[in-house]
Amino acid sequence: MPQKKGSKSKGNKGADTPRVLRFAHPFYTPTPPEARASIPKHGKRMLDHIQATLHSIPGIKRNHGQWSLDEIIGKSAADAIAATGKITIHLTGDTGVPETHSETNQVLVAEAMAHDYQVDAPEKSPAFFLHLGDVIYGQNQTAYLDQFYRPYMHYPGKIIAIPGNHDGDFDFKMAEFQKYFCASSQTVPPIANSIFRQTMNQPGAFWRLDAPFVQIVGLYSNAAENPGFISGPKIGNKQKDWLIATLKALKKSRDAGTRKALLFATHHPPYSSGGHSGSAEMLRDIDDACNQANIMPDAFFSGHAHSIQYYTRTVQFGNQTLKTPYIVSGCGGHGGQPVSPDVGVTKGDHKYEFAHKGWGYTKAEITTGSLTITSYSVDGESVKEIHGVPVPLT
């Protein structure tokens with residue numbers, strides 16, 4: 001008996017039935033991307049699929065994404081730091097340890113950093129802690145209490161942040177990040193309970209910070225596991241356009257005589273040799289912005305890989321040969337990911353200088369003419385300096 005038009009017989013696999021894949025994804029094939037047929041909604045490559053899943057970039061809340069150290073710690077405190085001739089910053093990421101795990105390593109790293117503070121000499125203490133993303137993991141409603149407010153209850157410094165992929169992998173989590181880091185003012189939120197730590201008043205999820213001796217550009221590299229992106233077909237170019245305009249303003253300021261260290265921060269690292277891969281596409285976008293503005297960073301900090309890694313990137317920029325440190329410091333709570341033993345190997349424009357498997361943090365110390373970056377391992381109560389690099393500011 002003939003079928004009615006549009007009907008299906010039992011067991012009939014029509015054209016609208018999903019194809020059963022041989023492997024976990026259709027991109028595991030020897031066929032080069034340019035010779036593949038494009039798959040609807042997924043494209044020809046895994047990269048196409050990832051870009052189609054990226055999350056929208058939150059808008060800037062105020063002042064074109066610009067803020068100052070005065071807004072973080074107050075003008076008198078910022079002036080006192082400037083008077084010493086040096087500013088110190090803590091940096092690490094990937095700290096949020098879910099309540100089902102031991103919080104010991106996160107707390108130990110927090111306590112190790114806390115020892116750098118001097119209650120009787122606040123001007124010589126770190127100005128703040130720049131969190132390199134992945135403040136929380138998972139979807140627990142009390143995640144910020146369990147993974148942020150409690151672990152840092154004894155850390156005396158202010159904490160600013162860029163969002164990591166786990167901070168933005170669901171829209172409600174990005175809203176939570178903005179609630180606690182991009183508030184209109186610094187107030188103790190209800191979720192902190194008896195812990196006194198105020199929200200941070202960042203102007204957005206990506207921002208430019210001006211402080212004595214240093215300017216920092218923090219970017220949101222989106223929510224994919226790998227790689228990071230600051231722009232793309234789905235998320236648009238608003239963050240990259242903002243970066244270009246911001247860097248042009250910094251270049252203008254520098255040409256007028258204001259020479260400060262320029263630091264970049266993204267959660268996803270441009271280079272990585274363990275745990276997670278690097279983000280070449282993101283770096284190309286950032287390089288393009290730098291080339292349009294005719295200015296490059298003096299150092300680049302990231303998290304994501306749960307280790308500490310150092311790279312030196314050598315590039316020709318105008319008539320200068322720049323040697324820029326790229327630092328991965330993503331083991332402030334999660335740690336112990338394997339790292340490649342190929343230290344000393346140069347690939348393309350970057351040399352793999354150092355790696356540490358374990359837990360720890362990084363410190364940046366900046367003066368008028370110098371930037372010193374030092375990383376520390378934290379193993380139980382043992383804190384050791386493990387690597388460092390001086391960066392002349394020319």
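Trainee: What volume does the second largest pocket have?
Mentor: About 450 Å³. A pocket here is an open set of points on a 1 Å grid over the protein atoms alone, with protein on both sides within 12 Å along at least five of seven lines. The volume is the space filled by probe spheres set on the points, which are joined across faces, edges and corners.

Trainee: Which residues are closest to its centre?
Mentor: Arg259, Asp298, Gln320, Leu322 and Thr394, out of 23 residues that line the second largest pocket. A lining residue has an atom within 4 Å of a point.

Trainee: And is this a predicted model, or what is it?
Mentor: Predicted, with local features needing pLDDT of at least 70 and side-chain atom pairs counting only at pLDDT 80 or more, while totals for chains, interfaces and linings use all residues. Residues are numbered from 1 along each chain as its sequence is written, and side-chain values use heavy atoms, with hydrogens and water left out.

Trainee: Back to that pocket: which element gives the largest share of the lining?
Mentor: S10, with six residues. Strand S10 covers 320-329, and helix H8 (238-255), strand S9 (308-317) and strand S15 (382-392) also give two or more residues each. Helices (H or I, at least four residues) and strands (E, at least two) are DSSP runs, numbered from the N terminus.

Trainee: How does the lining divide by class?
Mentor: Into 10 nonpolar, eight polar and five charged. Ala, Val, Leu, Ile, Met, Phe, Trp, Tyr, Cys and Pro count as nonpolar, Asp, Glu, Lys and Arg as charged, and the others, Gly among them, as polar.

Trainee: OK, how much space lies in the largest pocket?
Mentor: About 520 Å³. Its lining has 30 residues, and Ile73, Tyr117, Pro156, Gly157 and Lys158 are the closest to its centre.

Trainee: Which helix gives the most there?
Mentor: H3, with three residues. Helix H3 spans 75-84, and helix H5 (143-149) and helix H7 (171-181) each supply at least two as well. By class, the lining of the largest pocket has 21 nonpolar, six polar and three charged residues.

Trainee: New topic: how many cavities of 30 Å³ or more does the structure hold?
Mentor: One. A cavity is a set of points where a 1.4 Å probe fits but cannot get out.

Trainee: What lines it?
Mentor: Pro269, Pro270, Tyr271, Phe300, Ser302, Tyr326, Ile327 and Val328 line the largest cavity. S10 gives the most to that lining, with three residues, and strand S8 (299-302) supplies at least two. Seven of the lining residues are nonpolar, one is polar and none is charged.
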